[in-house]
Amino acid sequence: MSLKAYLRLGERRLVKSTEWVREFKLALINEDKRALLGLCESTPESFVNKAELDEAFALTQQALTLMQTQKAELGGELAKLKKVRKYL
């Protein structure tokens, strides 16, 4: 069973850090919030080297920025809907 299948089932398992980084990059590129959340919950206990740890940190920062941006966009859409609802 693939990593994605495990994450969909909500099961946690130890993942190799290189595999985790690769899967995190794919989820970030695809803006797959569910996969990002699952990967954040299954962060490896250790990384192969400092460079990989730094990369994982940068990726999680990018994911956080993505989530904050989408949250702001959603807030704007909700405000528009409230105005329309008030108008009707």
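User: What is the place of phenylalanine 24?
Analyst: Phenylalanine 24 sits in helix H2. Helices are DSSP runs of H or I with at least four residues, and strands are runs of E with at least two, numbered from the N terminus. This is a predicted model, where local features need pLDDT of at least 70, side-chain atom pairs count only at pLDDT 80 or more, and totals for chains, interfaces and linings use all residues. Residues are numbered from 1 along each chain as its sequence is written, and side-chain values use heavy atoms, with hydrogens and water left out.

User: Why is phenylalanine 24 called buried?
Analyst: Its relative accessible area is 0%. Buried means under 20%, exposed over 50%, and partly exposed in between (1.4 Å probe, protein chains only). So phenylalanine 24 counts as buried.

User: Which residues is phenylalanine 24 in contact with, leaving aside neighbours within four places in sequence?
Analyst: They are Leu36, Leu39, Cys40, Leu59, Thr60 and Ala63. Contact means heavy atoms within 4.5 Å. Phenylalanine 24 and threonine 60 are 36 residues apart in sequence, yet 8.5 Å apart in space, C-alpha to C-alpha.

User: How do you know that the span of H2 agrees with its 13 residues?
Analyst: The expected span is 1.5 Å times one less than the number of residues. For H2 that gives 18 Å, and the end C-alpha atoms are 18 Å apart, so the two agree.

User: What makes a set of residues a nonpolar core?
Analyst: The members are buried Ala, Val, Leu, Ile, Met, Phe, Trp, Tyr and Cys residues, joined through side-chain atoms within 4.5 Å. The largest one here has 13 residues, and Trp20, Phe24, Leu28 and Leu36 touch the most other members. Helices H2 (17-29), H3 and H4 (50-87) each give two or more residues to this core. H2 gives the most, with five. Leucine 36 touches Phe24, Ala27, Leu28, Ala63, Leu66 and Met67, not counting residues up to four places away in sequence.

User: How do you know that the buried residues of H3 are on the same side?
Analyst: In H3 (residues 33-41), the buried ones are Ala35, Leu36, Gly38 and Leu39. They cover an arc of only 165° around the axis, so they lie on the same side of H3. The arc is that of the directions from the helix axis to the C-beta atoms.

User: Why is glutamate 31 called partly exposed?
Analyst: Its relative accessibility is 43%, so glutamate 31 counts as partly exposed. Glutamate 31 lies in the loop between H2 and H3.

User: What is the phi of glutamate 31?
Analyst: Glutamate 31 has a positive phi of about 50°, although it is not a glycine. Most residues other than glycine have a negative phi.
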